Amino acid sequence: MGYLENVHPVAALFPMLPDDELEELAADIKEHGLLDSIELDKDGQLIDGRNRLKACELAGVEPRFSLYEGSGVAVISHILSKNQNRRHQDKTHRAITAAKIYLQCKDNYDLKSIRAFNIAKMNQVSAEYFSQALTIVEQTPKQADSVSDGVMGFREAYEIAKRLKQEAEMRSKLQAEVEKQRQQQEQERLQRLESLRESFSDLTEKYSSGDITLDEALAEAAERQYQAQNAKVAQEKKEKEEREAYQQRVRINSKELGSVIDYITKVLAYPVSRQGVCERFDNKQSGLDFNLTKVILMEAANNLMALAEGWSYE
């Protein structure tokens, strides 16, 4: 493979001379010889002198080569330095070339230390113009070539590229939002599956064995939870009604209970026979709920005993 087919990718971004200018260079080399050698890097890639090499072939002159000892970033900087004063590149062409060089450097780990500012400066392009050229090259590579060839205007290409970039950013934002929602739904789904595993092991087994789908398992779990909640509400309602009924019975018996307390006072003051007490408060003869009264009196007795334990005597 000849050296013209093994050109460093960054050096290849700089255009060759038009045919008429190549012929003029070939004539000059034939008359005066090759003044500047053609440079190769350590890998044998041509990094400077494509036009001189082609002119040597046209002139039938044996080319002279030299080796550049640098590598990586140094090679890129050397190529830019050699090409920064090319007279056959106008501002637009230099900007497009600088943008292409930057994208190549950005994707190469060894060349990331080359800043866009340096590339633009070496190609004699302002930061703003370089930024616009970069948008063209990134969004419409074919139109970037058309701009370099003079087929399309720089401003026209930039407006098209800017619109495409805005549309791409909008699509990217929308896709990111959709992906975020999908991940949230998936997370919720996994959480529900974990809850299902903890509370309804039989449904988890059916899902794992393929007898039912996850949605069916979750639906069955939701139905069971609904039924359990209804049962809980019904139980709470029943307990509330029982408490209210109990309180109502207490209120109904409060008047009769008052007479019981009065009589107990009299019993304490005047001894009477057990038979007399029973005859007086036989629940069959009075409206008093004897069992309820007994419970209340027992509670009252327990409270009095607890109170008495706390008394102290001097």
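Accessible areas come from the Shrake-Rupley method with a 1.4 Å probe, with only the protein chains shown counting as cover for residues.

**View 1. The whole predicted model.** The protein exposes about 21600 Å², of which carbon and sulfur atoms supply 50%. It has 12 helices and 3 strands, taken as DSSP runs numbered from the N terminus (helices H or I, at least four residues; strands E, at least two). Of its 314 residues, 27% count as buried, meaning under 20% relative accessible area with a 1.4 Å probe and protein chains only.

**View 2. Helix α8, residues 154-199.** At 1.5 Å a residue (multiplied by one less than the number of residues), the 46 residues of α8 should span 68 Å, and this agrees with the 66 Å between its end C-alpha atoms. The buried residues of α8 are Phe154, Ala157, Tyr158, Ala161, Leu193 and Leu196.

**View 3. The crossing of α6 and α8.** The axes of α6 (residues 127-139) and α8, which are lines fitted to C-alpha atoms over the stretch in contact, come within 8 Å and cross at roughly 65 degrees. That angle makes α6 roughly perpendicular to α8, a term covering 65 to 115 degrees. Contact here (heavy atoms within 4.5 Å) involves, among others, Tyr129, Ala133 and Ile136 of α6 and Phe154, Tyr158 and Leu164 of α8.

**Notes on the model.** Residues are numbered from 1 along each chain as its sequence is written, and side-chain values use heavy atoms, with hydrogens and water left out. In this predicted model, local features need pLDDT of at least 70 and side-chain atom pairs count only at pLDDT 80 or more, whereas totals for chains, interfaces and linings use all residues.

Methods
Buried means under 20% relative accessible area, exposed over 50%, partly exposed in between (1.4 Å probe, protein chains only). Axes are lines fitted to C-alpha atoms, for helices over the stretch in contact, and angles run from 0 to 180 degrees between N-to-C directions. Angles under 35 degrees count as roughly parallel, over 145 as roughly antiparallel, 65 to 115 as roughly perpendicular and the rest as oblique.
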